[in-house]
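Have a look at the model, then read on.

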Amino acid sequence: MNFKNVVLLIAASLVFVFATLVSWYEGGQLRDISWEWEHTAVFSNWFNGEVDRGSDIIVMDHFVYAAKFEPFFPFLMAVSLLFIVFRVALWIIKDQTVIRNIFFLFMAATSFSLSGIFLDSPATGFKLFSIFFGIIGILSLFAIFLFHNKKSKPGAINNT
């Protein structure tokens, strides 16, 4: 991995950490808004049963609230995390065509599934995430064909 890629990964990691901290802070508002607990404290309701007070809310629900109502930093989190995942995966499996295609298919299936989950939400933030994951799914499928057609042609000179 060259220096440029290392710098890009470090920058993406810093953006991810910063966006995570800000999203966590923004999502902390959920503890004070009791009428949202039923609809937004999804993980707390799954793990702890019904939420009766703000201290029953787990950290993961802070991110759900932030993504639902203040989506900028959660969106930045998702973009930077996907950038890191794609860069590291392509660095590790750069010469293994079958594994790379399986990775892209997995990312496409995961992205389309997440897009479907967020599609019916009335919240603007979740609609944004639905569109985003749909685009990532399409780009993942497109990447399979892009890398497939990138083979060298017979008779071409390889300068490696």
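A salt bridge here is a side-chain nitrogen of Lys or Arg within 4 Å of a carboxyl oxygen of Asp or Glu. Keep in mind that this is a predicted model. Going by that rule, you get 2 salt bridges.

**Salt bridges**

- Glu-36 pairs up with Lys-68, and their closest N and O atoms sit 3.7 Å apart.
- Glu-36 belongs to the loop between helix 1 (3-27) and helix 2 (37-40) while Lys-68 is in helix 4, so this pair ties together parts 32 residues apart in sequence.
- Both Glu-36 and Lys-68 are buried.
- Arg-53 makes a salt bridge with Asp-56, with 3.8 Å between the closest N and O atoms.
- Arg-53 has 51% relative accessibility, so it counts as exposed.
- Asp-56 comes in at 16% relative accessibility, so it counts as buried.

**Nonpolar cores**

- The largest nonpolar core has 19 residues, and Leu-82, Phe-86 and Phe-103 have the most contacts inside it.
- At least two residues of this core come from each of helix 4 (59-69), helix 5 (72-92), helix 6 (97-119) and helix 7 (124-148).
- If you leave aside neighbours within four places in sequence, Phe-86 is in contact with Phe-103, Phe-104, Met-107, Ile-136 and Ser-140.
- There's also a second, separate core of 7 residues, including Leu-30, Ile-33, Ala-41 and Val-51.

Note on methods:
Residues are numbered from 1 along each chain as its sequence is written. This is a predicted model: local features need pLDDT of at least 70, side-chain atom pairs count only at pLDDT 80 or more; totals for chains, interfaces and linings use all residues. Side-chain values use heavy atoms; hydrogens and water are left out. A nonpolar core is a set of buried Ala, Val, Leu, Ile, Met, Phe, Trp, Tyr and Cys residues joined through side-chain atoms within 4.5 Å. Buried means under 20% relative accessible area, exposed over 50%, partly exposed in between (1.4 Å probe, protein chains only). Helices (H or I, at least four residues) and strands (E, at least two) are DSSP runs, numbered from the N terminus. Contact means heavy atoms within 4.5 Å.
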